[in-house]
Structure formats: structure tokens, C-alpha cells
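Dear colleague,

Please find the structure below, handed over for your own work.

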Amino acid sequence: MKRRLFIASSALAAVGARAQVADLNDAINKAGRQRMLSQRASKAYLALAQKVETRSAQQVLDKSIALFERQLTELKAFAPSPAIRGTYDALDGAWSEFKRELTGPALGKEEAARIVKLDAAVLTLANQGTMQYEAASGKPVGRLVNIAGRQRMLSQRMAKFYLAGAMQIDATGSTAEIAKARGEFLAALEILRNAPEATTQIRQELVLADAQWMFFNRGLQRLEGAATSPALMSDVFVASENLLAIMDRVTGLYSDLKT
């Protein structure tokens, strides 16, 4: 498997370009990115706990926390209804508890298991907010932004559960979650590829996603619990970052459509 970490230089590189939410498509994009960050932060924590890609994992964790908090502020300020604002107020509370664990001094199995449980509440509320913003849009392209954005989350979720399984945190459940996410990811790729709104550039990016998926999926299939080696865990970590980079670009391209 190719061992290159593109994320530090290219993936999400344009995330800071918009300091505020520009429109509803941008809101769906950023709201969906919050889902991803919940899983990416957990993935980085689990990597650190197992001394996998330590330097990169620490950078990923720090940047994920900072970006989540910045976007949370932006999404709350942009909220076009009391219901959406209420979702983000609730998300703020769930995030605070999650962040305390992410930034705690210990990196053991017990703490890692709590992290995996706490990210579920953050993910649920982040998804709720994304769906509310999609409903506020009411346009077909809004749904595509949501679907593309969810692919980012699924890439991180699969890697997170791989690392959880390697750490023997509900290994059976982790394998089942990977299988579920794999099916959802592949089905969504077909939707994005076949959408009438898909531009030539979007389809070209999805070809790259297909190629990166092959590397990533090959690593996921090697999950063997305690027998999983640091090298294999590193491969999965890196491939998940590369796949995230591509899907973030795809989401941005759909977000920029004005149809």
C-alpha cells in the first residue's frame, strides 16, 4: 500500500478559505464535515494510543478539534431557524464532553473505549444538523452535498473502527460497523457518479476515489484483532486520510453548484 500522507498539505487545505457560512450549500458542507471530524478525532486518538503515525495523528487530532470548534460557531451563527440553533446548542454540550476526553492526559484502552462511545452522541447531533440544513435548502443539489459529505465521515469511521478492533475494543462490533459503513460508502459512490448534476471534474475526482478506495479497503480487510501490526494500522490511517482528501474535494465541488 502506498504510504504517503497527503492530508497535511492538500486535504482540507481550502477549509479555512471561507471564514463564515456563505449559503445553504456551504452550511450543508460544513455541517456534514462536523460528522467527519467526530470520527476523525477518535481515529487520531486511537492511533496515538497505539503509537501509530504518532506525529501525523497528533496533528490530525489538534486540527480536527480546532476546525470543529470554529465551524460549530459558524453554523450556530448562520442557523436560519430556532430548531437548527437548538441542535447546535445541544451539539455544543456533547462536543464539550467529548473534547475533555480527547484532550485528557491518559491514552489507555479504557479511555479509548470511552472516546468511541462519546463520539456517537456528537455524530448523531452533527448528522441531525446536516439533515436540517439540507431540508432548509430543499434543492436536489443539497442532497448531493450531504451524500458527498457523508462519504468523508464514512472514510474516517471505517478507519476508527479498524483501530478500535486492533485495540480489542469490541472487536466483533467494530468489524460489523466496518462492513456496514463499507456498504453505505459504495452505494453512495454510485449515487454521486450517476447524478445528473455531476460535472466532468466531479467524475474525475470520483475515479481517483475509486483507486484510493482499493488501497483503503485492502487494508481494512486485514483486520485481525491483536495480530494487527503497526505497519498495517499505519497503512489504514494514511489511506483514510487520502480518501478523505478526495471526498472533501468532491463535496466542495457539489457545494459550489448553483443549480
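In this message, a residue is called buried if its relative accessible area is under 20%, exposed if over 50%, and partly exposed in between, using a 1.4 Å probe and protein chains only. The model is predicted, so local features need pLDDT of at least 70 and side-chain atom pairs count only at pLDDT 80 or more, while totals for chains, interfaces and linings use all residues. Residues are numbered from 1 along each chain as its sequence is written, and side-chain values use heavy atoms, with hydrogens and water left out.

Aromatic pairs

Rings of Phe, Tyr and Trp (its six-membered ring) pair if their centres lie within 6.5 Å; planes under 30 degrees apart count as stacked, over 60 as edge-to-face and the rest as tilted. The whole structure holds six aromatic pairs. In one of them, phenylalanine 68 and tryptophan 95 are stacked, at 3.9 Å centre to centre and with 15 degrees between the planes. Because phenylalanine 68 belongs to helix 2 (residues 54–78) and tryptophan 95 to helix 3 (residues 82–102), the pair ties together parts that are 27 residues apart in sequence. Helices here are DSSP runs (H or I, at least four residues), numbered from the N terminus. Phenylalanine 68 and tryptophan 95 are both buried. Ring pairs also join Phe68, Trp95 and Phe98 into a cluster.

Phenylalanine 185 and tryptophan 213 form a stacked pair as well, 5.0 Å centre to centre and 20 degrees between the planes. Phenylalanine 185 lies in helix 6 and tryptophan 213 in helix 7 (residues 200–220), so this pair ties together parts that are 28 residues apart in sequence. Both of these residues, phenylalanine 185 and tryptophan 213, are buried.

Helix 5

Helix 5 (residues 140–166) has 27 residues and reaches 40 Å from its first C-alpha to its last, close to the 39 Å expected at 1.5 Å a residue; the expected span is 1.5 Å times one less than the number of residues. Glutamine 168, which follows helix 5, has a positive phi, near 60 degrees.

Glutamine 132

Glutamine 132 lies in helix 4 (residues 109–137) and is partly exposed, with a relative accessible area of 21%. Its C-alpha is 9.0 Å from that of threonine 87, although glutamine 132 and threonine 87 are 45 residues apart in sequence.

Yours sincerely

Definitions and conventions:
Helix = DSSP H or I, 4+ residues; strand = E, 2+ residues; numbered from the N terminus.
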